[in-house]
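Here is a short briefing on one protein chain, written for someone who likes to know the cut-offs behind each value. Please have a look at the sequence and the model before reading on.

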Amino acid sequence: MAMTEMTISKFHQALVKDPSLGPALITNCLNSIKRYDTTLKSIITTNPDAITEAIQKASQTTLHKSPNSLPPLHSIPIILKDNYTTPSLPTTAGVKALSITTNTQSTVLSRLTNAGAIILAKANLHEFALQGITLSSVLGQTLNPYDHSRTPGGSSGGTAAALAAGFAFAGCGTDTVNSLRSPASACGIVGFRPSTGRIPTDGIVPVSSTQDTAGPMATCVADARLLYRVMAGLEVPAPAPHSGRMRVGVLESFFSPEGLEHEAVSENRIVQDVIRSALSSVQRDIELISIPESAHPDWCYANLLEKADTQAFEFKHCLDAFLQSGENTSSHTSLESIARSGQYSREAVTEVFSASFEDPGTYSVGSAAYLERLEYIKGLKGSVDRCFEEYGVDAVVYPHQRQLAVRIGERKQGGRNGILAALTGRPAICIPAGRSPSSETAALGIPIGIEFMGKRWGEDGLLDLAESVERILQIKQAPDMRFLEGKK
């Protein structure tokens, strides 16, 4: 089986003919992790019972004569970002101080297992899920499978790297600002942020009650859609696809190199060429409408981060509440306790970690500054609504990252555009648009993702659009994993 070419549907078709493929798939996945991940550093822990679970499910498979009668995720290996709590595997959120086990299953985990999924492994993430390079005190720096000199994006970078490497079909991540879509862009997979509130976040180590959401990651849109529907508790299969030609607005200001520095400016030209070429390829099937910068207020990342992002105000409050709940079995019951322990990466944490200590009067959920941000977000939602209405669009499109995935050693990923969806609560999906030219460290080039943001609660239409674009572009080629063999 070529893992990166397999889909859940194709696997289920083969599985009903030969149930032994279930245990064989899990064995193959675990062998690939053992073979490659010492260098890649995408997986924090594997499930020791995965093969046993696969054997049990193989006996259940014999009762089914049709793939349509199988539970939607039957025998499918799923990789969880390691901020999803699990009863049998410890949860770290990438932080050395934490080792959390739970006695109960979260809503999402229950839905996954009830749908027949096998939790294969827990993946590395950026410390506390606070940045976009996937550096943690638990496992260190995850590498990009397409270019080992670059990061895989983040914060769900371990999951993305593992899927790109062929360790599983699909996985679950979280997104507070960019974190499902940034690694999807960097690793050439699909990352889908549903409308905020669509998927329950209980049992997930939090960052921001305003911006957090859980979501699927996969190697194709169809698998991301299936996993999303299970996570959201919706019926499978999905409704019939959207009929008619969709109108998509091109957010011109989100292509700009403004704010980028040095090498990133030249990389922006590469990104623009790839995204513009992708849009040219799909314009026969999708009506594209240019939306100039003058048509809306300043939606750029830097402006929204400065005026609207709630992470620094909510992080301590949300994390402390989680650590003081019954879901936490670690020895730490507050962010302050973790800070005192020193068991975290000072290189990886951001100002979100320290803000509430340095200026508690400002960075709290009761401050005037926080309430001003909530008001700003309210106005931002209104401005996006008006833009959609004025131009009559079903979605907007832009590059998720205006530069390539940064090199190992950089402390943050610049040039990301995902904050608009995070603040407005709208669904957004990033799919592969192409790759940069071949280089000494990236024989196939570095993946570049195109992002579509839709209407709130409009997940099905947005997924239809993404699947249509994916079918036209057909950007899928597995990375060369040979550079990982035998390296430590």
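Predicted model: local features only at pLDDT ≥ 70, side-chain atom pairs only at ≥ 80, totals over all residues.

Residues are numbered from 1 along each chain as its sequence is written, and side-chain values use heavy atoms, with hydrogens and water left out. Helices (DSSP H or I, at least four residues) and strands (DSSP E, at least two) are numbered from the N terminus.

**Salt bridges**

- A search of the whole structure finds 19 salt bridges, each being a side-chain nitrogen of Lys or Arg within 4 Å of a carboxyl oxygen of Asp or Glu.
- Glu263 pairs with Arg150, and their closest N and O atoms are 3.8 Å apart. This pair links distant parts of the chain, with Glu263 in helix α8 (residues 263–282) and Arg150 in the loop between β5 (140–141) and α5, 113 residues apart.
- Burial is judged by relative accessible area: buried is under 20%, exposed is over 50%, and partly exposed is in between (1.4 Å probe, protein chains only). Glu263 counts as partly exposed because its relative accessibility is 37%, whereas Arg150 counts as buried at 4%.
- Both residues of this pair belong to a network of salt bridges that links Asp147, Arg150, Glu263, Glu267 and Arg407.
- Lys316 and Asp320 form a salt bridge at 2.9 Å, N to O. Both sit in helix α10 (residues 311–323), four residues apart, about one turn of the helix.
- Lys316 is partly exposed at 26% relative accessibility, while Asp320 is buried at 10%.
- Arg411 and Glu347 also meet through their side chains in a salt bridge (3.2 Å, N to O). Arg411 lies in the loop between β11 and α14 and Glu347 in the loop between α11 (335–341) and α12 (351–358), so this pair ties together parts 64 residues apart in sequence.
- Arg411 is partly exposed, with a relative accessible area of 37%.

**Arg416, a buried charge**

- Arg416 is placed in the loop between β11 (395–399) and α14 (419–424).
- What is the nearest side chain of opposite charge to buried Arg416, which has no salt bridge? It is Asp175, 8.2 Å away. Here Lys and Arg count as positive and Asp and Glu as negative, while His and the chain ends are not counted.
- The side chain of Arg416 does make a polar contact with the side chain of Ser182, at 3.4 Å. A polar contact is a pair of N or O atoms within 3.5 Å; within protein, one must be able to donate a hydrogen and the other to accept it, and residues adjacent in sequence count only if both atoms are side-chain atoms.
- Leaving aside neighbours within four places in sequence, Arg416 is in contact (heavy atoms within 4.5 Å) with Gln131, Gly132, Gly154, Asn178, Ser182, Tyr301, His400 and Gln401.

**Ala50**

- Ala50 is found in helix α3 (residues 50–61) and is buried, with a relative accessible area of 0%.
- Beyond its neighbours within four places in sequence, Ala50 is in contact with Ile26, Leu30, Ile118 and Leu120.

**Asp202**

- Asp202 lies in the loop between β7 (190–193) and β8 (213–218) and is partly exposed, at 32% relative accessible area.
- The side chains of Asp202 and Thr107 are joined by a polar contact of 2.9 Å.
- Setting aside neighbours within four places in sequence, Asp202 is in contact with Ser106, Thr107 and Glu327.

- On a 1 Å grid over the protein atoms alone, a cavity is a set of points where a 1.4 Å probe fits but cannot get out, and a pocket is an open set with protein on both sides within 12 Å along at least five of seven lines; lining residues have an atom within 4 Å of a point.
- The structure holds two cavities of 30 Å³ or more, and the largest cavity has a volume of about 50 Å³. Grid points are joined across faces, edges and corners, and a volume is the space filled by probe spheres set on the points.
- Strand β12 (residues 428–435) gives the largest share of the lining of the largest cavity, three residues.
- The second largest pocket has a volume of about 970 Å³. Its lining has 41 residues, of which Thr7, Ser9, Cys220, Ala222 and Asp223 lie nearest its centre.
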